[in-house]
Amino acid sequence: MLRRLVPLVGIQFILATLIILNGAVPQAPLSPSSYFNPPYAYAWLNTLFLLPAGAAVAYISSKAFLTGGRISVQLMGCGILALCSATLGTWAGTSAQAIGFYYIVLNLFGILFGAVFLLAGVLIAQRDVVIPPGKRLAPLVATYVGLAAAGGLVWLGAAEGWVPSFFESKPTTLSVEVLIGAAILFSVASAVLGWNYLSARSEILYWYEIGVLLVLTSILTYVFIRHPGDPISWLYRCTTFLYGGAFLNAVLNSQGDEEPKADR
Amino acid sequence: MTATRRIKTGIPELDEMLAGGFLERDAVMVAGTAGSGKTTLALQHLVNGATTYGENGIYVTFEQLPDQLYRDALSFGWDLKALEEQDKLRVVCTSPDLLLASGDGEENLLDPFIKEVRPRRIVIDSLSHLAMYVEDEKELRRETYRMLMYLKTKGLSSLLLFEAPQLMGSVGSITETGTSFLVDSIVMMKPVEIESSMRNALAILKMRGSSHDNRLREYEITSKGFKLGAPFKEFEGIMTGSARKTPRVEAAAGRFSEAFAIGGKGKRPHEE
C-alpha cells in the first residue's frame, strides 16, 4: 500500500507545484525571451524535479553495478543521468543566444545520449552480462568519464559554433530529427522493459518503465507543440517533470522489500 | 500444463513461502535442533490437514508416548484424541526396528492405519531415531529410501523430522547427513543469535520441482502453535552463526541489481 501511496503523493506534489507556478513559468519553451521570467524559474524546476532523480538513479545504479556486476544497470543509470542532467543547461544564461546554443544543444544531446545508453543497457540486460568482481571499477569510471567528456565536447561545440543550429526562432528540422531518433530508441527500450516487467512484476521495473514512457511522451509532445499554452505544451511540461518522479520512485522502491528470485 | 496439487500446511506464511504448499506425495525433511519446534510444526500440519482441508493424517512417533503427545497438542488447542475418534488422525507409537522389519514381503506396520483413516499426510518423528537402529550410513539410506517409496506408493505426503545435532554455525550437518538427497524438500529450523539474543530462523533449503521463497524468516511458537514472521532482511550471515546488519545502501543496490537480472529468468518466486 505504502509503495503505491508514495508515488501518488509525489505526483500530487509535483502537479500542485506546477499549478502554483502556472502564472510564473512559460507554458512551453518556445519563446526564449520568456524563459527566465521570473529569473531562472525554469532552471529551478529542472534542478528540483530532474537532477535529484538523475543523481539518485546514477548513484544506486553504480552501487548495484559494483555489487552485482551487471553492466546493463550501470549503462541505464548513465542514460538517466545524461537525460536529467542535460536540462541543467537552463542555467547557462538569460540571453536568447545562450538558450539557443547551450541549452537546446545540450538538452538534445542529453536526450540522445540518454536514449542510446538506456537502450544499450536494456538490450544487454536480456543476456544478463555480469562483470566479475575486481574488474568493475574500470567500466564504472569509463562510463562516467565518457559521459562527461561527451557533454563537454557538446558544450564546447555549441560555444564554438561547431554544431549545426538546433534552434532559431523555433526548433529546426534537425532538432526534430534528433528528437524523433531519440523517441524511436526510447520506444524500443520501453517495449523491452515493459515485456520484462510483465514477466518479473518488479516494482522497480514498473517505475522504470513508467519513467521511460513519460520521457517518450515528453519528447513526442515537444515535437508537436504549436502554441505556448496549448494542451500539448501542458502535457509536455507535466510529463517532463513527472518522469523525474517516476525514476525516483524506482530508486525508493529498492529501499523496500523486493521479493527475490526463486530457486528451483 | 497441469498444475501440481499442493498440500497446504495451513500456516499461511509458510504456504506462501512454499508457493502454495508442499507438492503432493513429496517427502519433506524438517530438520532442526532439539526444541526448535519441529513436532509443533508437524502436528499443526496434520491437524490443519484433518480439520481444514479434509486430508487425514498419521503421526508415527518413535520418541514420545501418545499421552505425552496428546497433552502437548492440547496445550495448543489441538484435540488429537477427538480427531482419532473421528478417524481423521492416528497416532502410532512404535519402535523404529518394528517399522523397519515390517514390509519385507508381508504387511507393513502402517497398512492397518492407512486402511482405517485413508490418510493423505504422514509424519515420521523422527529419522534420527530410525538411524539408531541401522548399522551404517549406507544401510540408513537404503532403509530410508525403502520407507519413502512405500509412503509415496500409498499416496502419502510425508514430513520426516530430523534432529540436526549442530546448534550454531553452518547448515552443513543437515545436507551432509546422507539422506538429504533422498527427500524432495528440506525445511530447516534453527535458533540463531542476533544482537546477543536468541531468535528462531526457518528456511526452505530445497524444494524439488517447485519455486519457493528463499528468504530466511523468523518464527516463534505461540500458544496457538507455529507462527512465521518476517524475513531477516536487515541481517546477513545468520546461518553461519555470525549475523551482522546488512548496510542499507548495499541492500538497496542489491535489490536494484536483481530487478534487472532479467536474462530470460524473470519469474517471481511463486510462479511455476
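Begin by selecting A:V57, A:I111, A:A182, A:F186, A:I219 and A:F247, the residues with the most contacts inside the largest nonpolar core, which has 79 residues. A nonpolar core is a set of buried Ala, Val, Leu, Ile, Met, Phe, Trp, Tyr and Cys residues joined through C-beta atoms within 7 Å. A residue is buried if 20 or more other C-beta atoms lie within 10 Å of its own, exposed if 12 or fewer, and partly exposed in between, with C-beta atoms placed from the backbone. Helix α5 (residues 96–125) of chain A gives the most to this core, namely 16 residues. Apart from it lies another core, of 62 residues, including B:A31, B:V91, B:V192 and B:A243.

The model is predicted: local features need pLDDT of at least 70, side-chain atom pairs count only at pLDDT 80 or more, and totals for chains, interfaces and linings use all residues. Residues are numbered from 1 along each chain as its sequence is written, while chains are lettered from A and ligands numbered from 1 in the order in which they are written.

**Chain A**

Next, display chain A alone. Its secondary structure comes to nine helices and zero strands; helices (H or I, at least four residues) and strands (E, at least two) are DSSP runs, numbered from the N terminus. Of the 264 residues in chain A, 47% are buried.

Now centre the view on A:F186. Which residues does A:F186 touch, not counting residues up to four places away in sequence? They are A:A115, A:V212, A:V215, A:L216 and A:I219. Contact here requires C-beta atoms, placed from the backbone, to lie within 7 Å.

Select helix α7 (residues 173–200) of chain A. This helix has 28 residues and reaches 40 Å from its first C-alpha to its last, close to the 40 Å expected at 1.5 Å a residue; the expected span is 1.5 Å times one less than the number of residues. A:R201 follows α7(A) and has a positive phi, near 50°.

Then colour chain A by pLDDT, the predictor's confidence in each residue, from 0 to 100. The mean for chain A is 78, and 73% of its residues reach 70 or more. Confidence in chain A is highest in helix α4 (residues 71–85), at a mean of 91, and lowest in helix α1 (residues 2–20), at 57. Over residues 23–33 of chain A, pLDDT stays under 50; over residues 259–264 of chain A, pLDDT also stays under 50. Where pLDDT is low, the predicted coordinates should not be read in detail.

**Chain B**

Turn to chain B and find the open sheet of nine strands, in the order β5-β4-β6-β7-β3-β8-β9-β10-β11, with mixed pairing. Strands pair if DSSP finds at least two bridges between them. The edge strands, β5 and β11 (225–231) of chain B, each pair on one side only.

Within the sheet, select strand β3 (residues 27–32) and strand β7 (residues 157–163) of chain B, which pair in the parallel sense over six bridges. The bridge partner of B:G32 in β7(B) is B:E163.

Most residues other than glycine have a negative phi, and most peptide bonds are trans.

- B:A19, in the loop between α1 (12–17) and β2 (22–23) of chain B, has a positive phi near 60°. Is B:A19 buried or exposed? B:A19 counts as buried because it has 22 C-beta neighbours inside 10 Å.
- B:D87, in the loop between α4 (80–85) and β5 (89–93) of chain B, has a positive phi of about 60°. B:D87 counts as exposed, with 12 C-beta neighbours inside 10 Å.
- B:S126 lies in the loop between β6 (121–125) and α7 (127–132) of chain B. The peptide bond from B:D125 to B:S126 is cis, with omega near 10°.

Key
Contact = placed C-beta atoms within 7 Å.
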